[in-house]
Amino acid sequence: MGKIHQLSELLSNQIAAGEVIERPASVVKELVENAVDAGATKIQVFLKDSGLTEIQVIDNGSGFAPDDLEIAFLRHTTSKIASREDLFRVHSLGFRGEALASIAAVAHVTLKTSTGQPESGREMVVSAGESEIHLASHPQGTTITVRDLFYNTPARLKYLKSVATELSHIADVVNRIALSYPEVALTLVNDGNQMLSTAGNGKLQQTIAGIYGLSVARELVAIKGADLDFEIEGYISRPAVTRASKNYLSFLINGRYIKNFQLNKALIEGYGSKLMVGRYPVAVINIKMDPLLVDVNVHPTKREVRLSKEPELTKLLTKIVRETLGKENLIPDAMKNL
Ligand code: ADP
Ligand code: MG
């Protein structure tokens, strides 16, 4: 008799959850990204106790077709890619088909959804590998409620920081998605207190004002430039407006917020000697490129990506920033329409 056996679905999902769902903010990230992928124009996030007790995300996206509900919570099930070729040309935020299965393995999940078609409304309750589906009414879109995160993984529960820390991680996640999708109206409410509300009118500078404040938004300069491979567009702060951390730099590649040390460096280099040591600008920069040039399948959370022409991109970024800041009489055009 051999001693090797296949792990149960629930146990392997819990193991996967260890990578994908690190803290309440990871749940918020996955659910809000799913709502964006579902084409939602309005997404609301409601928290109880900074997400430790409950996280609810309501969207007006496509909804789940009744036949898709059960399978959506299995591991590696997705509607977003189908072939190897698709994997190299990912256009959605999700594609790994892991989030729902992972979340349901470490929390109690209730989902209400409808595609807007008659009779398509459903309620699904998923817990500890068991699920139940009933008829229910819901406007087109989806409401997912996640309760008691990590109730069955004591080590993870213990590792959670204070409610204030967890809340700041969540706010950071929602802010970056808001900056990535100014055309989506996003709200974040914790215990009845509204922390963020964006208009969803597509104006990036207004979204930045909503998140970093008017005084920062007034001092932004638009940047724009391209070469054969990359299109760069966004806002950077004048050298007078700086912060003590790099946390106020957001780089979005094809709509996905990513972290990339080289891009940070290239941006700062564009400021030359205009920045004081230890001070960093505020910036939101959208980079568009052929999905073939970016490998998003590096890490389960997809925050790190691999860029095949990184040196070319960083050079272009430095050049655009330098040229923009070098122009005399910078007009605060970012604020003209506010
Ligand atoms: P992935 O996003 O990588 O595809 P998930 O586990 O996050 O994997 O979601 C599984 C599938 O469930 C998605 O591919 C999508 O078809 C569906 N789905 C998830 N969230 C939503 C939502 N808010 N609205 C509509 N469909 C959704
Ligand atoms: Mg997803």
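Some ground rules come with the model. Residues count from 1 along each chain as its sequence is written, while chains are lettered from A and ligands numbered from 1 in the order in which they are written. Since the model is predicted, local features need pLDDT of at least 70 and side-chain atom pairs count only at pLDDT 80 or more, though totals for chains, interfaces and linings use all residues.

Let's start with β11 itself, residues 249-253. Strands here are DSSP runs of E with at least two residues, and helices are runs of H or I with at least four, numbered from the N terminus. Is β11 buried or exposed? Five of its five residues are buried, so the strand is largely enclosed by the rest of the structure. (Buried means 20 or more other C-beta atoms within 10 Å of the residue's own, with C-beta atoms placed from the backbone.) Leu249, Phe251 and Ile253 cover one side, and Ser250 and Leu252 the other.

| Partner | Residues | Sense | Bridges |
|---|---|---|---|
| β13 | residues 283-289 | parallel | five bridges |
| β12 | residues 256-258 | antiparallel | three bridges |

Leu252 has Asn286 of β13 as its bridge partner, and Phe251 has Ile258 of β12. In the β11 and β12 hairpin, two residues sit between the strands, and Asn254 takes a positive phi near 45°.

Zooming out, five strands make an open sheet of mixed pairing, ordered β9-β10-β13-β11-β12. Its edge strands, β9 (220-226) and β12, each pair on one side only.

Note on methods: Buried ≥ 20, exposed ≤ 12 C-beta atoms within 10 Å, placed from the backbone. Pairing = 2+ DSSP bridges.
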